[in-house]
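Have the model open as you read.

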Amino acid sequence: MITTDFIPGSPCWIKLSTPDVDPTVAFYRGVIGWDAVSAGPDTAGYVLFQKDGKSVGGVDPLMAEDARSVWTVYFTCSDADATARTAEGLGGTVHMKPIDVLDLGRAAEISDPQGGRFGVWQAGSFPGFEVADAAGSVCWTELYTPDAQRAMEFYADLFGWGFQDMDTPGDSTQTYTLLTPAGAGDERMHGGLMQTDTAAIPGAEGRAYWHPVLAVADCDAAVAQVRAGGGQVFMGPEDAEGVGRLSVAHDPFGAEFVLLTPSPE
């Protein structure tokens with residue numbers, strides 16, 4: 001699962017870009033119980049989400065008026081510049097060229113050939129989130145894509161990920177592919193990939209997209225807070241055998257995320 005031992009190709013951060021930071025912070029405070037603190041005067045309004053004093057993600061204001069509010073999942077890499085060049089050579093698009101973020105690290109934002117946008121992070125003094133796989137933090141990542149085979153080829157070549165297919169509970173026709181960092185065992189599975197018609201998903205417009213799965217102690221209570229805070233619930237809460245109780249939701253500005261209360265086992 002996701003840990004704070006950031007081996008190459010593993011998730012290390014999530015960032016939400018939103019048109020209005022203050023109400024967004026208030027929404028996630030109600031749903032997840034996150035606190036928010038400024039990342040500093042030289043960070044262009046960047047805010048850190050924290051749980052019990054530990055950083056679990058970030059939020060920043062959208063710079064382009066027509067940009068969509070979205071969560072971006074970042075993956076650890078040893079060289080952001082080389083990773084960005086490799087991604088372009090594989091048919092991906094570099095949306096944000098590698099830049100230094102103070103002394104914290106070096107970042108780039110890329111999309112795969114189907115449009116799934118993600119970030120890469122070359123750590124400096126800051127390796128990534130300070131807690132994971134616990135209530136109030138990231139416990140999984142997911143990619144919905146219109147072309148699973150091409151997506152797997154891209155991420156295998158870029159990060160060296162391993163893949164393992166499983167049937168979706170209750171739907172033997174749908175394949176869910178588990179993602180593992182290069183050379184890691186099953187205990188380091190960090191996400192899933194599923195082929196789906198993203199043209200039918202609000203805001204996706206036919207493109208692939210990543211979203212985070214956020215662990216909560218009580219999925220039903222968190223979903224009630226989504227509705228109370230002006231968000232939308234698209235699925236659940238419902239039980240998934242061997243996984244837990246989960247729900248798919250959008251925040252008030254349309255960014256998608258999943259809430260999960262994991263099964264005790």
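Trp-13 has Tyr-74 of strand S5 as its bridge partner. That link belongs to the pairing of S1 with S5 (residues 70–76), which is antiparallel and spans six bridges. On S4, Val-59 stands opposite Leu-16. Strands are DSSP E runs of at least two residues and helices are H or I runs of at least four, numbered from the N terminus; two strands pair if DSSP finds at least two bridges between them.

| Strand pair | Sense | Bridges |
|---|---|---|
| S1 and S5 (residues 70–76) | antiparallel | six bridges |
| S1 and S4 (residues 54–61) | parallel | four bridges |

This is a predicted model, where local features need pLDDT of at least 70 and side-chain atom pairs count only at pLDDT 80 or more, while totals for chains, interfaces and linings use all residues. Residues are numbered from 1 along each chain as its sequence is written, and side-chain values use heavy atoms, without hydrogens and water.

Is S1 (residues 11–18) largely enclosed or open? Eight of its eight residues are buried, so S1 is largely enclosed by the rest of the structure; buried means under 20% relative accessible area with a 1.4 Å probe, protein chains only.

Now to the helices. H1 (residues 21–32) packs on H4 (residues 219–228) at about 155 degrees, with the axes 8 Å apart. That makes H1 roughly antiparallel to H4 (over 145 degrees, on a scale from 0 to 180 degrees between N-to-C directions, with axes fitted to C-alpha atoms over the stretch in contact). Phe-27, Gly-30 and Val-31 of H1 meet Ala-222, Gln-225 and Val-226 of H4, contact being heavy atoms within 4.5 Å.

Key: Angles under 35 degrees count as roughly parallel, over 145 as roughly antiparallel, 65 to 115 as roughly perpendicular and the rest as oblique. Buried means under 20% relative accessible area, exposed over 50%, partly exposed in between (1.4 Å probe, protein chains only).
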